[in-house]
Structures are given as C-alpha cells and as structure tokens.
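Could you take me around this structure, one selection at a time? I have the viewer open and would like to know what to pick next and what to look for there.

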Amino acid sequence: MRKGIPKTVLAGMLLVVAAAAAAQENAGELIDQADRLLQKEGASPATVDAYRAVFQRYGDSEHAARARYMAAECLYQLGDLAPARDGYRHVRGASGATPVLAACAELRQGQCDFAAGEFEAARKHFRTVVDDFDDTYLARDARFALAQTLVALNDWETFREVADELTERWPGYAERPEIRFAYGVYHWELGGLAEAKEHFRHVESERARFYYARCLAAEGQHLQAVQQFRQLLVRYPRTPLAEDVRFAIAESFLHSGQRGLASKAFQELLRKHPDGTHARAARFKLATIQYREEDYTRTLESLDALANDLPAEDSLHEKVAMLRGLTHFKLGRESEADQAFSLVLQRFPEGRASSAALFRMIHNYARRENWNQSRGMSLMFADRYAGDPLAGRVQLLHALACLELGEMVEARQHLGKLLDQHSGTDLGEKALFLLTWSYHREHDLSRIVTNYRHLARKLLPTPNPWRARTYYLIAESYFQLGLYQDAADLYRLVLNDYPFSDAAPYALQGMTASYSHLGDDQRAALEQERYLLVISNEAGDNPANALAAAGMYYNRKEYKKALELFESFLAAMPEAPEHAEALYQSGECLYSLQYYDDAVRRWERVLGEHPDYASTPEVLFKLADTLFGLQRYGEAHARFTELVERFPEHRFAEEALFNAANCLYNRKDYDSAVRAFERYTAAYPEGLRLADAEQAIHACFLRSGRDLLEYVEQNPDAVFAAEVLWQKGSEAFAAQRWQEAADHFETITLRYPDSESAPDALYYLAESRFSLGLHGPSLAAFQNYAATYPDRELVPAALLKSGHILYLQENYAEAAGNFLVLSDQYPGSDLAPLGLYNAGLGFRKLEQWQSFLGNGEEFLRRFAGHERRLEVLMQMAEVHQNETGQPEEALALWDQVLAEPGAPADQVQYQRGECLLKLGRADEAETALRLAAAAPGAMDGDFGVAALARLASHLEEGGRLADAREVYRQIAGEAGNQEWAALAAERVQALNAELQAADGHE
C-alpha cells in the first residue's frame, strides 16, 4: 500500500507555496504603486526608488526584471546615462526577464552608448538586437539606430546595407528625417552632391541645413551657400554649429573672390568665438587676405602673433612659416625668407608646403646668382618631389644654373624636354627663350635662325612677354648675320605685337639700324653730326663755341644762360648752317622758362625760315603740343595734321595723329573728333594710345546726345557702356518690357561687374525675371544680390522677394528663413514687419504651431502699431483654437481682438462662442453667438448665419428644441442665404414633428 506524503512535509510545502504566492502578490502590489507614481509624477528620483524597492526586496519575483528595466528607464529619461546603462545591463539575466524585455534593455544600452559617444559599443548592442531578436518589432528600431551609428563611425559600406534593408522592409522609414539625413551624409562623403542635397532639402534640422549649404559651397555656388548659412543662424540662433557656420560663411566669401567680405566674416567669427576651434584658422586666413592685399607689414604682425599663440604640435605652424617666408620675400628680405623656408623643410619634411618652400629657396639662390647652390638644391628637389606640380619650374631653374655654369649640353637637354612637355605655356615660352639665348651666347647664330625657321610653323601666337624676348634674340641673330630685312621684320613684329614689353625699346633701335643698313641712313647721319658738333667745340668767344656752350648749359638745365648764348649765336651768325638748330634749341629754353608764346614764335621762325630743317618733325610736334597747352586748338590741330601728312613714318606721327583728334574733341566738334580717333585706331591697331582713342570715341558719343545703345553693342568696352545699358534697362523696366529690361541688366552684371550700376542691375534683373514668371532664375539673382551686397538699400526687398518665391515654390522652411533674415538683420527697414509677418505664414504652412505663435508674439512686441496687428492677433487666436487645442488662450486673444479698432465683430463673436462652448460656458457662448448674428451686416456674410446655425445646433443638442426652432426660423427667413435657409427650413419641420410628438405623448 502506497503511503501518502507525510503531513509534516506536505504542510512545509504548502507554506513555501503560500510564501511564494504572497511574495508575488506583494511584488505586484509594489510595482503597481510604482507605476501609479510614474503616471502621476513622470520620471523622477522617487519613481526610480519605487521600482528599485521591488527588485531589492523581491529579486526572485517575476516582476523584478520589469522593475529593473523601469528603474533604468526613468534614469534614462532623467539623462543619467551611466546608471541607466548599468541598470539595463542587469535586466537580461534577471529573474522573470522575457525575450522582449531583454531585447528592449539591449536596445536601450545601445542608445545610452550612442548618447555618450561610444559608437563602437552602441554598434554591438544594436547588432545583437538585430541578430537575436529579428522576429520582434524591436529589430526594426535597432536597424534604425544601427544605421545612425554607422554614420557616426563613417562605415559607409555597412551603413548602405543596413539602411537599404531597413527601408525595403519598412518603406515608411525612407521618409524619416534621421534616415534621410544619414543618406545625405552618405552621399556627401562619397562626393554625390546632387543626391546629398536632395536628402538634406527634405530634413528640417540644424545639421541638415548646414550640410545643404556645404553642398552648395562645394558646387561653387558660394553666394547661395552664404545665404543658406545665414538663414541657419537666424532659424537656430543658439545652434552649437554657430562657429562652424560662421567659418563656412567666411570661407565661401573667400572662395568667391570677395576678400573684403571674407575679412569681415572672419573678424566676426573671432569676435563671437575668440577661443573657438576655428579661431586660429580664421586668424591665418585673415593673414592670407592681408598678403593678397599687399599689406605685408600687417601680414607679418598677424603671423607673429598667431605663431606665439599656437600650440607646439599644431600643424598650422607649417603654413605660418611658409606665408612668413613669402611675405619676407615680397619685402625684399631674402635672408629672412630663406630662414622661414628652411624652417618648413626642417620641421615639416613631408608636409604639403615643403616642396613649395624648397622651390622658393632655389628661386632665391638663382636671383642672387648663386648658381651652384641653386643647381644642387634643384637636384635635391628632383629626388624628393618627383611628379610635384612645381617640378617643371624647378627644372627650368636647373637649366638656367647649368647655362650660367657653362654646362650647355645638360641645360639644353632640360630645356628641350620642357619645350616638348609644356608647349604654349609660360613655362614652355621661358624654355624657348633660354634655349635661344644659350645659342646666342655662344654666337651660334646659324643654329638660332635654323631652329626658328623650323619652329615658325609650330609656334602659335601668344601674348606671353617671353615670346617678345625670344623674337628679339632671333632678330639680333638675323642682324648679325647681315640679313637686315629679316631682322627688320622681326624687330617690327616685337614692336607691333608686344609694344609694352621690355624688348620693345631695343627692337626699335634694332629696326632703325636695320633700315640704316638697307640705305635709309639720313636720320642716323644727322644725329651723328649734331652729336659731334656739340662735343667738339668748347665754350669761347666765337659763335661756334657759343653754340656748343649753349648746348652744354641747356643739358645742365641752366636755361637762362643757355638762351643768352643761343641769342648771341643767332645774332652773330644769321646765315650759319646751325641757325635752324639754334632757333629750335632757343625755343626749348623759352619753353623751359615758361615763356610759351615766345617759344611758339621761335618755332614758327624755324618752320618759316628753314623748311628743309632735318628736325622739322620734332619742331612741328613741339609747336603743336605747346599750342594745345595754350588751348589754341585750331592752330594746334593744323600743326599736328601737317606733321602726320608730311612725315607719316616719323616716330611722332602716331602721337600727332592722336593729338589732332584730341584738338577736335576739345573744340566740341564731336563728329569730326570721332572720325579722327577712328583714323588713329585704323592706322595704329596696336598703338600706344589705342585705349585712350577708344575711350575718347566713347566719350564723343556720350557727349553728342545720340542713342548710344547700338554703339555700345558694337563697342562693349566703351567706358560708358554700363551707364547706357542701365538707362535703357530702366526705361524698359518702367514700360514693363520685362525681357528687354532683363537682357540689359544681365549684360551689365556679366560684362561690367565692377561698374557703379552692377549692384542695382542685379536686383532689377531679378525683378524682371520675376515679372516674366522665371521664378528659379529670379530667386538665384535675388539671393546673389543679398549675399554679394549686404549693405545695399535694396537688400530687404530682395530678401522679401526671395522668401515670396520660395513660398510660391512651397519651400516654406527656406521661405520663413529668408523672411527672418530680413526682419532680424534689417530691423530698421520698412519691410521688416512684412518679413516677420510672412515668416509666420511659412510656419503656419509647415504646421509648426509653436514657432508660428512665437513669431506672432515677436511681431506684436516689435511692431505694436503696425497695420497687420489685428490680422496677426486673429491668426494666433485661430491657431490656439483649432490647432493647439487651447481654447482659453484663444478666447483671451479673441477678447483682445474685439477691443481693436476695425475688428470684424461677427467673426470675432462667432469664434468666441466656439471657444466658450469648448470651455463649457454655455450661457456666455449663447450670448456671443447671438451678438455675432446681430452685428451690423453680419447676415450678409458667412459668420452671422454660421453663428445662428451653431447656436441652433447647441440648443438642439441641449434639448431646448423650441428655442432651437426659433433660431432655425430666423435662418430660414434670410433670403440672401438660400442654401442655409433651405437647410434651416428642413430642421424647423423636423423639430415641429418632434415637438408635436412630445405633446401627444404627454
């Protein structure tokens, strides 16, 4: 017979079971208390203690794991990440922990690590949830968090896999701003700027706006980037990215070539963030701007101050030392420059500036003609920096050193390679010159001529001045070989194509000598004769000696003494061959003594008494020039013209032709002057006064009062072109000929960006495009104007229009940003209130109600007496009433509106009635609705009838059928609202039936 469990054992077991059940019951009651406390107070130290009490007293109960989790959750909500993370860690092994609870704890651990910046640890937790709990909904959240963690870790390949899987399994996540932003950063890192911008554009956050602007800057749209950066600062005035944004603004201005604006932006950065992470870089950038502005003393001061503040390990030391060396070099302090460059090489041998520093040292040694040192360092450069962009320039210096050291074969090998590899470039032209020069030094002239004849088929025209020097050497070789016509042609080539090069004066001498060898030596002989006459005589009593002495005094600028001697010679020897020369020189003395009329009469004698005088062209030019100075323009014009007609090949003929035209201009004979200047430009297409002649032609047309547009189109370099285009554009704009106006304004901005008209032309170009409906190009022009000319009077209008266009394009966030820039940065503008008002419209479209309400409060504070005050109050009341669910705040605003002059009583009382109904204040609501209907003209609009309908509905809902029927009858009697009247009549019939039925039942 089986024996049962002993009663004592059974009793003990029952006691254990009862104790466990009691513990469970007590733990459950305790955790319920903690839950109620959490619901009442939210996360707090008290709720943490309440949950801790559960697992500390009943650690083996099934509630312990949840209590641990909830305690950690409260700590997480309070921001105590370290103890929260420790609490989550104990959940997974706790008694009663379910798989889902363990997964939640694992996910939260990862989130704690992420918030603490421990991204690798966060990745492991998120991956655990994904791998171990893939069948739970938490795997989705873990993938979402993992994707963001991979962005922080720059693990782009894995990010793409995780993010793509997430958005494929749960497509809604593709629209989440966190994922859009992560995809944007992914494309940014891989260089996909267009894709990155598209993602950032759909995310409203500080970082998204920052990256969007960086994309614009990376695309070269620097001014648009500046606008976006500025909007970010306005939209998020307390953003932690403020310093990065301000540095990016300054960089954008610098890259766009606007050094003045860049300097101001860097200085603003230093004022607002003097100890920021970008402060030292900003100071260096300011020093580079000073260097580019050629303010070398301030550059050195800035660099010295910066170097003293830099930590020893800061890599900026390399750039500072390099710029210091360049600055010393500009100041002519070559030894200090070498010391700075040597410092770069010693401290930063692998740095980015080291090759440039070594090149500068090689260049300095070459300038000082230390050829051995220059050559040795060139070889060092070739060993260290093969393939460097500066290698070609170093190779050229190496070849020059070899030439100077007599190592011709090596030099020519290097020069030949450079000529082959860099043909047509500045480097190639220098190599060509040095190669020619090397043969010229050895008097190997035939080789030069042969090489030129071979190269002439290959050499393309170039404005490079080194080509002028090469041609001069080749011309010299022809001359020395006796090939004078070829030499003259090449000398003339130098003079025609390179009139301002340093080879031109020597080419002129060479050409003169060439023609002399060709038989045109009259001028050379006369000059030689005059020179010999002056130096062969000594001052004495005879007239010849007196003439020589006069010349000596004249050369010593003792004009009075010289004039006396010339007068003595003229009186003593009226028939002497030197009589003409003495007359001419005496005139020069009178001119130098400022006896201009006497000088004119003396030179007139030369021309009248000695018509065959060899220096007649010089006399004519001096006479005409003096008459011009005396404002005797008719006589001057006649003499200049005589010189041109009698001596068209003389060296003064060109200047005389120009000055003849100038005489007509000063006589205000503009038609004749234009023809004369055009004659000059045709005769001397490469003339020294070509630019002056063209400018004079433009001025003639400007002063003639003619329609200048056609002329400007044919002569785009006219000095008054921008002024003419502005006038025509303004006329077309006033006449609403938008396309014509846009064409003129755009031409100004493209061709004449530095003209006085350019800023306003850019603004009115934007206005013209807007009137044509070209909103995209118009927006770009408005934004460009606001960013480029922030101090111009029309900037507020440009910002307003930019915001308007963005609003029309439904880009409400950027529109609001533009409007805020207007109101914040230009608070004194008449448009500032409209900017702030329109920003509110943008926030309303975005359904960002708190931003809208805050914007409205600022409007009322800043512009209390503005005409839109009533409108803003009503909009704020509607948002409180219909969007944020705050009828009390709405009612207070409607009461405020009611006290405003011009408030629509019917609308306001109707809205008050709605608010009062929501607040349960029925009697007041009825009164408000009746007042709405009774307002003057209320029944002619919507709100009067709507108020009666709402009142009737309210009465009906409250069981006051007879009162409701009376109100419906009032609506039915409104003939002006037939639709409402018909509906009200139906309700009257229905209520009649209900009331009759109720009476019958009674």
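Rings of Phe, Tyr and Trp, with the six-membered ring standing for Trp, form a pair if their centres lie within 6.5 Å. Keep in mind as we go that this is a predicted model.

**Stop 1: an aromatic cluster.** Select Trp726, Phe733, Trp738, Phe745, Tyr763, Tyr764, Phe782, Tyr785 and Tyr789: ring pairs join these residues into a cluster. Across the whole structure, a search finds 44 aromatic pairs.

Now zoom in on Trp726 and Tyr764. Their ring centres are 6.0 Å apart with the planes at 65°, so this pair is edge-to-face. Colour the two helices to see that the pair links distant parts of the chain: Trp726 belongs to helix α39 (residues 721-734) and Tyr764 to helix α41 (residues 758-771), 38 residues apart.

**Stop 2: a tyrosine pair.** Move to Tyr591 and Tyr596. Here the ring centres are 5.2 Å apart and the planes meet at 65°, so the arrangement is edge-to-face. Tyr591 is partly exposed at 26% relative accessible area, and Tyr596 is partly exposed at 31%.

**Stop 3: charges over rings.** Select Arg176 and Phe144: the charged end of Arg176 sits over the Phe144 ring, 4.5 Å from its centre. Then try Arg651 with Phe652, where the charged end of the arginine lies over the ring, 4.4 Å from the centre.

**Stop 4: the nonpolar cores.** Show Phe159, Phe200 and Phe266, the residues with the most contacts inside the largest nonpolar core, which has 92 residues. A second, separate core has 89 residues, including Ala722, Ala742, Ala781 and Ala933.

Back at Phe159, which residues does it touch, leaving out those up to four places away in sequence? Its contacts are Ala147, Leu150, Val151, Ala182, Tyr183 and Tyr186.

Stop 5: Finish with helix α17 (residues 316-330). At 1.5 Å a residue, its 15 residues should span 21 Å, and the end C-alpha atoms are 21 Å apart, which agrees. Just after α17, pick Gly332, which takes a positive phi of about 80°.

Terms used
Residues are numbered from 1 along each chain as its sequence is written. This is a predicted model: local features need pLDDT of at least 70, side-chain atom pairs count only at pLDDT 80 or more; totals for chains, interfaces and linings use all residues. Side-chain values use heavy atoms; hydrogens and water are left out. A nonpolar core is a set of buried Ala, Val, Leu, Ile, Met, Phe, Trp, Tyr and Cys residues joined through side-chain atoms within 4.5 Å. Buried means under 20% relative accessible area, exposed over 50%, partly exposed in between (1.4 Å probe, protein chains only). Contact means heavy atoms within 4.5 Å. Rings of Phe, Tyr and Trp (its six-membered ring) pair if their centres lie within 6.5 Å; planes under 30 degrees apart count as stacked, over 60 as edge-to-face and the rest as tilted. Helices (H or I, at least four residues) and strands (E, at least two) are DSSP runs, numbered from the N terminus. A charge sits over a ring if NZ of Lys or CZ of Arg is within 6 Å of the ring centre and within 35 degrees of the ring normal. The expected span of a helix is 1.5 Å times one less than its number of residues.
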